[in-house]
Every structure is written in structure tokens, then in C-alpha cells.
Amino acid sequence: MAPNARLDHRNPLVFDTHELGRRPGALQRLTREIDAPKDLGIQGVVGVPEGAPVELELRLESVMEGVLVTGTARAQAKGECVRCLEPLELELEADFQEMFSYPDADDRGRVKAEPADDAEEDEDRLFIEDGLFDLEPVLRDAVVLALPMQPVCQDDCLGLCSECGARLTDDPDHHHDAVDIRWAALQGLAVSGKDSEKDEISGAETGVDEKQEK
């Protein structure tokens, strides 16, 4: 987040550090329940539904450069099994730790980096603005890391039948009679032969009918 970004204190994911102060070593513990923001999770796979409750436990520690935020987020995530496509729910617990820097951190004793390096570093740094910091980007990263990339409804889910789509966990004995590929061509010839015989019989019957009409 750029140092000059404007933060809205009414946003439930924006936190105020004024009470903590800027004395290194000062601590503050916070708990807050928020409504999950949109697209919190791995899109199209699994995530916390928008508006679902998310419990936050935070520990704010004042350090020379800013505020070190350590916390845990807990929520109920929903998605679908990658094997059988059935809906699933799982308990989410995501831990995180992030430094939110004061915009004037360099003036408070931080060793200045070279200009080029400093510009690159600032792109990845999160800042405190007017005593406020936005936890949302940290929360999003933590949730994505805590969620499974390939969620399953159960560890031994057997998935779906490749031929008919039946859920194999519901019927472990489900199967289809396999046709030996060596006979498949002969079966095709047999079907073609039967179709030819039918055409010949049909043609003969048509010829007889035409003679009788004459």
C-alpha cells in the first residue's frame, strides 16, 4: 500500500494504532469479528463466502520502524471436492505476521537503502497512515496460503466414474463391462453386416411390391 493512500477508519479491516503509541515495546491485543470481504480465498476452488463471519485475534507490537502485527483468522470455508464435485465445508485457521511501517521510518533510525533498492522494497512494504493500517491484503494472503489448492470431501474420496459420472464413494463396486479392443472392430463389422442385410431385404421387398402393382 502506498504511504499516501487514504484509509477509511469505518472499514472493519482498518485498525487504529493511536492507543498503542509509538514507544518501542508497547503491546496491544485486539479481537474483532468481521464480515468476509468479496473473493476471500482461491477463486473457483474454495474460499470464505462473502459476508460470512471471520474471527480475528491480533497482537500489535510497537517497534522502531512501525507496528508488528501478529494474528490468527478463523472462519468457515466452502468449495467443492476436486474429485467428485460435491459441496464441502472446512474449518479455516490462518496465521499471519506483518510489519506495517511508519512513513517516516527512515528518519527514526532505519538504515537507508540505495535509491533503486529502496523503490523496489517500498512496493512490497505496507504502511501506517495517520495511525491507521489496512489488514485486508495480509488477511487475503494468509487465507490463500491456509486453504488447500485441491480440496477433497474426504481423504479417500474415489471421485467419479469416467464413463457415466456416478460418485464412486457411494458405490465402490460400481463398474462397466469392458469390451476387449481386439473385438471392437469385429463387432463394428458385424453391425455393418446386419445393416447391409436389412437394406438388401428391404430392397427386395420393394421390388416385389413394384412387380405386383404392375
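Q: Is Phe100 buried or exposed?
A: In this predicted model, Phe100 counts as buried, because its relative accessibility is 1%.

Q: Which residues share an aromatic cluster with Phe100?
A: Phe15 and Phe133 do; together with Phe100 they form one aromatic cluster.

Q: How many aromatic pairs are found in the whole structure?
A: The search finds 2 aromatic pairs. In one of them, Phe15 and Phe133 are stacked, with 5.6 Å from centre to centre and 20 degrees between the planes.

Q: Where do Phe15 and Phe133 lie?
A: Phe15 is in strand β1 and Phe133 in strand β9, so this pair ties together parts that are 118 residues apart in sequence. Both residues are buried.

Q: And what about Phe100 and Phe133, what kind of pair is that?
A: That pair is tilted, because the ring centres are 4.5 Å apart and the planes stand at 35 degrees. The cut-offs matter here: planes under 30 degrees apart count as stacked and those over 60 as edge-to-face, with the rest called tilted. Phe100 belongs to strand β7 and Phe133 to strand β9, so the pair connects parts 33 residues apart in sequence.

Q: What is the relative accessible area of Phe133?
A: It is 0%, so Phe133 is buried.

Q: Changing topic: which strand does β7 pair with over 15 bridges?
A: Strand β7, residues 87–101, pairs with β6 over these 15 bridges, in the antiparallel sense. Within this pairing, Asp95 in β7 stands opposite Thr72.

Q: How many residues are between β6 and β7?
A: There are 6 residues between these two strands, which form a hairpin. In the turn, Leu85 has a positive phi of about 70 degrees.

Q: Which strand forms a hairpin with β6 with 3 residues between them?
A: That is β5. Strand β5 covers residues 53–62 and runs antiparallel to β6, to which 8 bridges join it. Leu60 stands opposite Val69 in β6.

Q: And what joins β4 to β6?
A: Strand β4, residues 46–48, pairs with β6, residues 66–80, over 2 bridges in the antiparallel sense. Gly47 has Lys78 in β6 as its bridge partner.

Q: Now to charges: how many salt bridges does a search of the whole structure find?
A: The search finds 9 salt bridges. Among them is the one between Arg6 and Glu129, whose closest N and O atoms are 3.0 Å apart.

Q: Where do Arg6 and Glu129 lie in the chain?
A: Arg6 is in the segment before β1 (14–16), whereas Glu129 is in the loop between β8 (126–127) and β9 (132–134). The pair links distant parts of the chain, 123 residues apart.

Q: Is Glu129 buried or exposed?
A: Glu129 is buried, with a relative accessible area of 8%. Arg6, by contrast, counts as exposed at 69% relative accessibility.

Q: What does Asp130 form with Arg6?
A: Asp130 forms a salt bridge with Arg6, with 3.6 Å between the closest N and O atoms. Asp130 also lies in the loop between β8 and β9, so this pair ties together parts 124 residues apart in sequence. Asp130 counts as exposed at 52% relative accessibility.

Q: Which residue meets Arg10 in a salt bridge?
A: The side chain of Asp8 does, at 3.0 Å from N to O. Arg10 is exposed, with a relative accessible area of 67%, and Asp8 is partly exposed, with 33%.

Q: Last one: what lies over the face of Tyr102?
A: Arg22 does, at 3.7 Å from the ring centre.

Methods
Residues are numbered from 1 along each chain as its sequence is written. This is a predicted model: local features need pLDDT of at least 70, side-chain atom pairs count only at pLDDT 80 or more; totals for chains, interfaces and linings use all residues. Side-chain values use heavy atoms; hydrogens and water are left out. Two strands pair if DSSP finds at least two bridges between them. Helices (H or I, at least four residues) and strands (E, at least two) are DSSP runs, numbered from the N terminus. A salt bridge is a side-chain nitrogen of Lys or Arg within 4 Å of a carboxyl oxygen of Asp or Glu. Buried means under 20% relative accessible area, exposed over 50%, partly exposed in between (1.4 Å probe, protein chains only). Rings of Phe, Tyr and Trp (its six-membered ring) pair if their centres lie within 6.5 Å; planes under 30 degrees apart count as stacked, over 60 as edge-to-face and the rest as tilted. A charge sits over a ring if NZ of Lys or CZ of Arg is within 6 Å of the ring centre and within 35 degrees of the ring normal.
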